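Look at the sequence and the fold together before reading on. The text below goes from the sheet to one residue inside it.

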Amino acid sequence: MKVGVVVFPGSNCDQDLIYVFDKILGQEVVPLWHKDHDLQNVDFIALPGGFSFGDYLRSGAIARFSPIMQEVIAFANKGGYVMGICNGFQILTEAGLLPGGLLHNTNRKFICKNVYLKAQTQNSLVTSAIAPNQVLNIPIAHGEGNFYAHADELKKLNDNDQVLFRYCDAVGNITEEANPNGSIENIAGVCNAGRNVFGMMPHPERAADAILGNQDGLPLFESILKMVNA
């Protein structure tokens, strides 16, 4: 699999993703600069976390208009696989490739800590290798991670099995206390109706290497390889 990692001014997790796909998973990886128009025949596109364009206006609002996003949108609309993590998730919602939006955390503070979450479906590229009751300990680092969707949109997400992850406690209970940022229904990640575009706020790339003492994010990447290489 050939993976393209988009790099915007202010991205700071691009090298983390490149490392995981290259060194941990042994895949070919190419960085894609935000001003490029050539996707270099990649099979999978990843938008990393960070603070694209300094998060001015609204997180992801400026990056959404970077030249390469025209190509990313066209790629996704043709069924190509695209995933956004944290700021990448914000960019994908701004681009209209994912439903909903990311608001300021309810405590109005930047939150950086490990949280618990569990997959809500195995019917997706990024969750197929994650057991239904498996609790994952994954870092978050964001100031605008409060996922919101209006009632009709939220109903569609649930009816169509598009919720990928929900925040939970250490034993898997989905409670208000386990919600770190106020996200509606504890939602931590969603996919589009076509099931080829994915977004999540937690950072699985920061929990995918034994040297870090946490590999809870690795099953997510293994899910991607399992299905793309099938």
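This is a predicted model: local features need pLDDT of at least 70, side-chain atom pairs count only at pLDDT 80 or more; totals for chains, interfaces and linings use all residues.

Residues are numbered from 1 along each chain as its sequence is written, and side-chain values use heavy atoms, with hydrogens and water left out.

Start with the sheet. Strands (E, at least two residues) and helices (H or I, at least four residues) are DSSP runs, numbered from the N terminus. Two strands pair if DSSP finds at least two bridges between them. Nine strands form an open sheet with mixed pairing, in the order β2-β1-β3-β4-β11-β10-β9-β6-β7. The edges are β2 (28–33) and β7 (136–142); each has a single partner strand, so one side of each is left without a neighbour in the sheet. From one strand to the next, the twist averages 25 degrees. Angles run from 0 to 180 degrees between N-to-C directions, and axes are lines fitted to C-alpha atoms, for helices over the stretch in contact. Contact means heavy atoms within 4.5 Å.

Helix α1 (residues 14–24) lies across β1 (2–7), β2, β3 and β4, and runs at about 170 degrees to β1.

Now follow the pairing through the sheet. β3 (residues 44–47) is paired with β4 (residues 81–85) in the parallel sense over four bridges, and alanine 46 stands opposite methionine 83 in β4. β4 also pairs with β11 in the parallel sense, over four bridges; here glycine 84 has glycine 199 of β11 as its bridge partner. On β10 (residues 187–191), the pairing with β11 is antiparallel, over three bridges. Glycine 199 is also the bridge partner of valine 190. The hairpin of β10 and β11 has five residues between the strands, and arginine 195 in this hairpin takes a positive phi near 60 degrees.

Are the faces of β11 (residues 197–200) covered or uncovered? Both are covered: Val197 and Gly199 on one side, and Phe198 and Met200 on the other, are all buried. Buried means under 20% relative accessible area, exposed over 50%, and partly exposed in between (1.4 Å probe, protein chains only).

Methionine 200, in strand β11, counts as buried because its relative accessibility is 2%. The C-alpha atoms of methionine 200 and cysteine 168 are separated by 15 Å, with the two residues 32 apart along the chain.
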